[in-house]
Amino acid sequence: MQRWLIPTLALFVFAAFAFPARAEGVIAVTANKFTNNFPTRLLFQIAARSPARISKIALTVQVDGQTSSSRYLPEFTPDVQVDTSYEWNIQRNYVPPGVSGQFWWMLQDDAGNQLQTPKQNFRVEDSAQTWQKLANNKLAFYWYAGGDGFGRGLFDRAVEAISYLEKDTGVTVDQQVQIWIYGNRADFFRALGPGARDWTGGRALPEYGIILINVEPGALEWGKAATAHELTHIIIHERIRGPLGSISMPQWMDEGLAVYYETIPNKLDGQFSGPLKRAIDSNTLLSLRSISGNFPSNGNDASLAYGEGFSVVDFIIRRYGASKLAQLLQAFKAGGDFDDIFKQVLNVDTDGLENLWRKDIGAKPREVAPRVRVAPSPMPTFGLSTDPFVAPSPTPQAVALNATPAPAPASEPRAPEPIVISCGNAFAFAALAFFGAMRARNYFGRG
Ligand SMILES: [Zn+2]
């Protein structure tokens, strides 16, 4: 017996050195769970065991439509049996309902065994409501209040807006946009997370292709305009944003397009056309340069700016044709000085365009103003309405937490902060007819 025992032992010793215990499947995952607690938190939980002490645990989260993933190192006590969790605080690092993605865990023990769990899907949902859904390949539309006719009315209008927008501007919607309609303000603000201004009527998050709008069941017509408005923003933004998510185009054009597609056929709402007409009559139009950046915060000037935006977009399409509008959008995507882009596509700079437009609508020629060049802004002037919402910094949440005791490996680059568009004023004016003056004042909340 002893004669073969010694060679066998030697073989085992050799095998142990030659093939250290790195076999797959040594670490066993005993629990792996995602819990959606929108709007509070998303919870990723893991439990595992291994013959050797598990000393490294990392969670990777990849949000659909974003180029980079985020890696998190939750705290835990290394042991042969471990459980830990990563809590994504939605109040600090906001994500809207409808966001989906994948996550997976990487575990390692002291013997060098590693395990990566299969990629699992997750989705952020506002389960406080019982959602109804209508969808086609370009749009997923959700609502819970107002009944079938209400939802169908808004959905049909959104589909119509997409088809006109695609036809006119040459953009194509190849990623399904999600629209979530909230039937009352309390539900809506609960879903927006912290920091929302009380005049906000809708919000578009182009990073995710998701729109949230507050449409009360009694405000169907207003809701159609609001839906088309936000949808236009999000489609244009998705199409022309640069590789880093930055977008640069004149604010008057961004809002002008959004107002232009609020109604089909494109007709300027009386709440904007009134101020526009008065400004033409009294020669008090705002210069295009002055509304290339942020819109005025003053309510009357803001409504005039929306009206002018519509009017100039309408002029460009009538005078130059939709193909030139499409070319302008392409040029803004490529980036550059606004004047250079207008010259390149329309043969006039901002002032030249303004002069032609003024003549077209019957306004007096503009007085020669000191010339100020409009530089493209590095951060989006784009899409931010008069009082832009700025999402709270995600820093505390998205930075990897140190694991115990292993020092944290470098975090992968995290996704840029979503660009958020909040539209209030455009709707505030249109809302007058539906909610009355008191109601509309709430949309401003600053007056
Ligand atoms: Zn807008």
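1. Phe332 lies in helix H8, where helices (H or I, at least four residues) and strands (E, at least two) are DSSP runs numbered from the N terminus. The model is a predicted one, in which local features need pLDDT of at least 70 and side-chain atom pairs count only at pLDDT 80 or more, whereas totals for chains, interfaces and linings use all residues. Residue numbers start from 1 along each chain as its sequence is written.

2. Phe332 is classed as buried because 25 other C-beta atoms lie within 10 Å; the class requires 20 or more such atoms, against 12 or fewer for exposed and a count in between for partly exposed, with C-beta atoms placed from the backbone. Once its neighbours within four places in sequence are set aside, Phe332 is in contact with Ile240, Ser248, Met249 and Ile341, a contact being a pair of such C-beta atoms within 7 Å. Its C-alpha is also 8.0 Å from that of Ile247, although Phe332 and Ile247 are 85 residues apart in sequence.

3. For the protein as a whole, there are twelve helices and 13 strands, and buried residues make up 42% of the 447 residues. Among contacts with a separation of 6 or more, 73% are between residues 24 or more positions apart.

4. Helix H2 takes in residues 147-169, and the 33 Å from the first C-alpha of these 23 residues to the last is close to the expected 33 Å, that expectation being 1.5 Å times one less than the number of residues. Its buried residues are Phe150, Gly151, Leu154, Phe155, Arg157, Ala158, Ala161, Ile162, Leu165 and Thr169, so that one arginine, Arg157, is included in this buried set. After H2 comes Gly170, with a positive phi near 75 degrees.

5. Which elements do the buried residues of H2 pack against? They are strands E8 (132-135), E9 (139-143) and E10 (177-182), together with helices H4 (220-240) and H8 (322-334), and Phe332 is itself a residue of H8.

6. E9 is mostly covered, with four of its five residues buried.

7. The axes of helix H6 (residues 270-281) and helix H7 (residues 299-320) come within 8 Å and cross at roughly 90 degrees, the axes being lines fitted to C-alpha atoms over the stretch in contact and the angles running from 0 to 180 degrees between N-to-C directions. H6 and H7 are therefore roughly perpendicular to each other, the class for 65 to 115 degrees, whereas under 35 is roughly parallel, over 145 roughly antiparallel and the rest oblique. Residues making this contact include Phe272, Pro275 and Leu276 of H6, and Leu304, Tyr306 and Phe310 of H7.

8. Helix H5 (residues 251-260) also meets H7, with axes that come within 7 Å and cross at roughly 80 degrees, and H5 and H7 are therefore roughly perpendicular. Among the residues of this contact are Trp252, Met253, Leu257 and Tyr260 of H5, with Tyr306, Phe310 and Val313 of H7.

Technical notes. Contact = placed C-beta atoms within 7 Å.
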